[in-house]
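Okay, everyone, thanks for making time.

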Amino acid sequence: MAKSKPRGLRNNNPGNIRQSSVRYSGEVQPSIDAAFKQFECVEYGYRAMFVLIYTYQRKYGLNTI
């Protein structure tokens, strides 16, 4: 029995970023996954995760994950 990859890896979205109105570089439009964003490659997924974390820090003053 072959195991499938986790959803975040199938979507090239290691941060499991949910669908929203925010658009990131390399985002696949339209996404096949209704709940989570999909990216062209995992590097774009990591970039989006870092941008999101930076936004949380800057906009909301959060300093822990």
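Let's start with Asn13: buried or exposed? Its relative accessibility is 0%, and buried means under 20%, so Asn13 counts as buried. This is a predicted model, by the way, so keep that in mind throughout. Asn13 sits in the loop between α1, residues 7-10, and α2. And what does Asn13 touch, once you skip residues up to four places away in sequence? The partners are Gly8, Phe36, Lys37 and Phe39.

Let's follow one of those partners, Phe36. Phe36 is in the loop between α1 and α2 as well. At 10% relative accessibility, Phe36 counts as buried too, because the cut-off is under 20%. Leaving out neighbours within four places in sequence, Phe36 has contacts with Arg7, Asn11, Asn13, Asn16, Ile17, Arg18, Gln19 and Ser31. If you want a distance to check on your own screen, take Phe36 and Ser20: they're 16 residues apart in sequence, and their C-alphas are 8.7 Å apart.

As a rule, most residues other than glycine have a negative phi, and most peptide bonds are trans. Asn12 isn't a glycine, yet its phi is positive, about 55°. Asn12 belongs to the loop between α1 and α2. Asn16 is another non-glycine with a positive phi, about 50° in this case, and Asn16 lies in the loop between α1 and α2. Asn16 has 39% relative accessibility, so we call it partly exposed. Then there's the peptide bond from Gln29 to Pro30, which is cis, with omega near -5°. Pro30 is again in the loop between α1 and α2.

Okay, zooming out. How many helices and strands does the protein have? Two helices and zero strands. The C-alpha trace spans about 45 × 25 × 20 Å along its principal axes. Of the 65 residues, 23% are buried. Looking at contacts with a separation of 6 or more, 36% come from residues 24 or more positions apart.

On to α2, residues 42-60. That's 19 residues, and from first C-alpha to last the helix reaches 26 Å, close to the 27 Å expected at 1.5 Å a residue. Which residues of α2 are buried? Gly45, Ala48 and Met49. Those three cover an arc of only 100° around the axis, which means they end up on the same side of α2. Over on the other side of α2, you'll find Glu43, Phe50 and Arg58 exposed. Just after α2 comes Gly61, with a positive phi of about 70°.

Last stop, the pockets. Rolling a probe the size of a water molecule over the atoms shows where empty space is left. In the largest pocket, that comes to about 170 Å³. What lines the largest pocket? One group is Ile17, Arg18, Ser20, Val22 and Tyr24, and the others are Val51, Leu52, Thr55, Tyr56, Lys59 and Tyr60. By type, the lining has seven nonpolar, two polar and two charged residues.

Terms used:
Residues numbered from 1 in each chain as written. Predicted model: local features only at pLDDT ≥ 70, side-chain atom pairs only at ≥ 80, totals over all residues. Heavy atoms only, no water. Helix = DSSP H or I, 4+ residues; strand = E, 2+ residues; numbered from the N terminus. Expected span 1.5 Å × (residues − 1). Buried < 20%, exposed > 50% of the residue type's maximum accessible area, 1.4 Å probe, protein only. Arc of directions from axis to C-beta. 1 Å grid on protein atoms, 1.4 Å probe; cavity = no way out; pocket = protein on both sides within 12 Å on 5 of 7 lines; lining within 4 Å. Points joined across faces, edges and corners; volume = space filled by probe spheres on them. Nonpolar A, V, L, I, M, F, W, Y, C, P; charged D, E, K, R; others polar. Contact = heavy atoms within 4.5 Å.
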